[in-house]
Amino acid sequence: MATFWWCVLGLLTCGYFALAGYDYGVGILLPGFEAGERRRRQTLGALGPFFLANEVWLVAAVGLLFGAFPHLEGKVFAGAYVLVVTMLLGLVTFTASMQLRSRRPDARRGAWTAGIVGGALVTALSWGLFLGNLVVGLPPVGDVLALFTPYAVLWGLGFVALFCLQGAAFLAVRAPAELAGRAARLARAFSAPVFAFLVIASVWGYFALHGVSVLGSGAVVLAFAAFAVTRAGLAVRRYRVALVGSMVLSACPALLVGTLRFPAVLVSARDTLTLEQAATAPETFAVLAWFAPPAVLVLLVVQWLTWRAHRGPVDQHSLLHF
């Protein structure tokens, strides 16, 4: 039973990174497009119908983590408390700035634009540092500087490049024609640092990590395959293929964390937590079985309908909320 719920948690977490990754990528890349207000609104308008729905995946994943694996939640949040706080600050800043930027047509928008860019950048860095620490093992509670090891910093910078690649691929599909070409060039430019991150992190991890499972190795192989699909899609101008490849690529780090040493789900400086030790009581799983599957199904259907309704590029007839 615990393995089933671990897979559900993995689905929600990977879904969050696959979808919300281009939210933060678009936010970081916003200064890379023309400074005119019309261009900025078109860039944000391409993202507008999706970004709140994408964040729901994180809410669902955290809710399931609290309910199904409370012992894991306590250890993870205690060991990386600083990164969790910075991540939340980035998320709140990004989301609030997106929604408030165009609320008043006559207002100045420079501060809100800075909030979008800064919030997205802080969120991407925090997620990279957070997952990098989970891969290498959480340091002792209270040792803040130990969260910023060279390997974790590599993951932080790698996540910024990864989300920028995904955001640029998204804009190549959804942005107006006059912006799509610029987005495609940015996606190609970010391919090199993303590939460097994959290679360096994999080689470094090969020599530094121990007890890696076959599933963890498979997640690494999948990441390289997804990158190859992304790069091929960009090369032949099949931008929807490139977007799908980048979405799978963004989900691979979360998949790696969940499978790296399975059935061990957390390694820290003091101990190792297995899946059975992290899981809640069977009675709680029975309660979750009544609510979680319908909720996940609704989430999948709504996400599919949202994309289907807004799958075309932004044009002069599109309603720009942001």
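Contact, in these legends, means heavy atoms within 4.5 Å. This is a predicted model, so local features need pLDDT of at least 70 and side-chain atom pairs count only at pLDDT 80 or more, while totals for chains, interfaces and linings use all residues. Residues are numbered from 1 along each chain as its sequence is written, and side-chain values use heavy atoms, with hydrogens and water left out.

**View 1. The whole protein, before we zoom in.**
The protein has 12 helices and 2 strands; these are DSSP runs, numbered from the N terminus, with helices being H or I of at least four residues and strands being E of at least two. The C-alpha atoms fill a box of roughly 55 × 45 × 35 Å, taken along the principal axes. How does the radius of gyration of the protein agree with that of a compact globule? A compact globule of 322 residues would come out near 20 Å, and the protein has 19 Å, which agrees. That radius is taken over C-alpha atoms, and the globule rule is 2.2 Å times the number of residues to the power 0.38.

Of the 322 residues, 51% are buried. The cut-offs go like this: buried is under 20% relative accessible area, exposed is over 50%, and partly exposed is in between (1.4 Å probe, protein chains only). The accessible surface of the protein comes to about 14600 Å², and 71% of it belongs to carbon and sulfur atoms. Those areas come from the Shrake-Rupley method with a 1.4 Å probe; for residues, only the protein chains shown count as cover. Among contacts in the protein with a separation of 6 or more, 82% are between residues 24 or more positions apart. As for charge, the 22 positive and 12 negative charges have mean positions 13 Å apart. Lys and Arg count as positive and Asp and Glu as negative, while His and the chain ends are not counted; each charge is placed at NZ of Lys, CZ of Arg, CG of Asp or CD of Glu.

Is Thr-123 buried or exposed? Thr-123 counts as buried because its relative accessible area is 0%. Setting aside residues up to four places away in sequence, Thr-123 touches Tyr-24, Met-87, Gly-90 and Leu-91. Ser-126 is buried as well, with a relative accessible area of 4%. Leaving out neighbours within four places in sequence, Ser-126 is in contact with Leu-83, Thr-86 and Met-87. Look for Met-87, then, in both lists.

A disulfide is a covalent bond between the sulfur atoms of two cysteines. How many disulfides does the structure hold? The count is 0, where a disulfide is a pair of cysteine sulfur atoms within 2.5 Å. For Cys-14, the nearest cysteine sulfur is that of Cys-252, 7.7 Å away. Cys-164 is in no disulfide either, and the nearest cysteine sulfur, again that of Cys-252, is 18 Å away. Cys-14 is buried at a relative accessible area of 16%, and Cys-164 is buried at 2%.

Arg-237 lies in the loop between α9 (214-235) and α10. What is the phi of Arg-237? It is positive, about 65 degrees, although Arg-237 is not a glycine. Arg-237 counts as exposed because its relative accessible area is 63%. On to the loop between α10 (239-259) and β1 (264-267), where you'll find Pro-263. A cis peptide bond joins Phe-262 and Pro-263, with omega about 15 degrees.

Val-62 belongs to helix α3 (residues 51-68) and is partly exposed at 30% relative accessibility. Ala-281, in the loop between α11 (275-278) and α12, is partly exposed at 33% relative accessibility. Ala-281 and Asn-54 are 227 residues apart along the chain, and their C-alpha atoms are separated by 30 Å. Arg-308 is part of helix α12 (residues 282-309) and is partly exposed with a relative accessible area of 44%. From Arg-308 to Leu-157, 151 residues apart along the chain, the C-alpha separation is 33 Å.
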